Amino acid sequence: MSKTRDNLIEVARQLFAKSGVDNTTMNDIAQASKKGRRTLYTYFKNKKGVYHAVIASELDKLYIALQSVVDRDLSADEKLLLFINVRFEILKEVVFRNGTLRGNFFRDIWRVENVRKDFDLLEIEFIKNILDDGVDEDLFAIPNSEVTAEILHHAFKGLEVPYIRGIMSGFWTLRDGKIEDVIHLLFNGIKKNK
């Protein structure tokens with residue numbers, strides 16, 4: 001990717017975070033980036049394309065953080081715990097960094113979902129690899145790691161909106177026990193051990 005395109009994406013992200021996507025024009029982005037409209041249109045057809053690139057850029061940050069977890073030399077259970085914590089910590093950072101843009105996240109969830117498709121597949125693969133390592137290490141008893149990875153991915157994803165809303169209201173943080181409850185459920189289930 002070119003530095004110019006990266007700069008345009010970052011400028012757009014900042015403008016979207018400050019003013020919202022609807023209140024930001026292509027001209028605003030061109031002026032704030034100190035590039036002409038022609039340069040902006042060289043990289044993006046329209047504001048929808050810029051918005052798509054901003055979301056993809058934020059997902060890239062999450063991907064890099066999760067990849068670093070997967071690459072660590074840890075047991076599978078420790079790696080999965082770290083994966084969960086890092087995933088939600090990065091999500092929190094994205095929410096705080098993007099101000100008004102988070103409003104668009106809630107209104108345009110389907111557009112965000114469309115951008116996320118490739119990322120979701122990568123995340124499922126990360127989780128599957130951790131689960132497979134856990135089976136190999138005799139830590140996890142999983143009949144089908146691919147299905148389990150997909151279920152976990154959807155469970156984590158399903159917690160995102162309540163988590164984001166909880167962060168914004170001060171109701172939910174990583175340190176208040178709710179993530180630990182999720183982890184307890186993941187590792188211990190709901191059935192009482194005899």
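This is a predicted model: local features need pLDDT of at least 70, side-chain atom pairs count only at pLDDT 80 or more; totals for chains, interfaces and linings use all residues.
The protein contains 9 helices and 0 strands. Along the sequence, its pattern reads α-α-α-α-α-α-α-α-α. The protein has 194 residues, and 39% of them are buried. Among contacts between residues at least 6 apart, 69% join residues at least 24 apart.

The structure holds 2 aromatic pairs. One of them is formed by tyrosine 63 and phenylalanine 126. A pair of aromatic rings is described by the distance of the centres and the angle of the planes. For tyrosine 63 and phenylalanine 126, the distance is 5.4 Å centre to centre, and the planes are 25 degrees apart. This pair counts as stacked, because planes under 30 degrees apart fall in that class.

Tyrosine 63 lies in helix H4, which covers residues 47-70. Phenylalanine 126 lies in helix H7, residues 109-136. The pair therefore ties together parts that are 63 residues apart in sequence.

Phenylalanine 126 has a relative accessible area of 7%. That value is under 20%, so phenylalanine 126 is buried. Tyrosine 63 has a relative accessible area of 27%. That value lies between 20% and 50%, so tyrosine 63 is partly exposed.

Technical notes. Residues are numbered from 1 along each chain as its sequence is written. Side-chain values use heavy atoms; hydrogens and water are left out. Helices (H or I, at least four residues) and strands (E, at least two) are DSSP runs, numbered from the N terminus. Buried means under 20% relative accessible area, exposed over 50%, partly exposed in between (1.4 Å probe, protein chains only). Contact means heavy atoms within 4.5 Å. Rings of Phe, Tyr and Trp (its six-membered ring) pair if their centres lie within 6.5 Å; planes under 30 degrees apart count as stacked, over 60 as edge-to-face and the rest as tilted.
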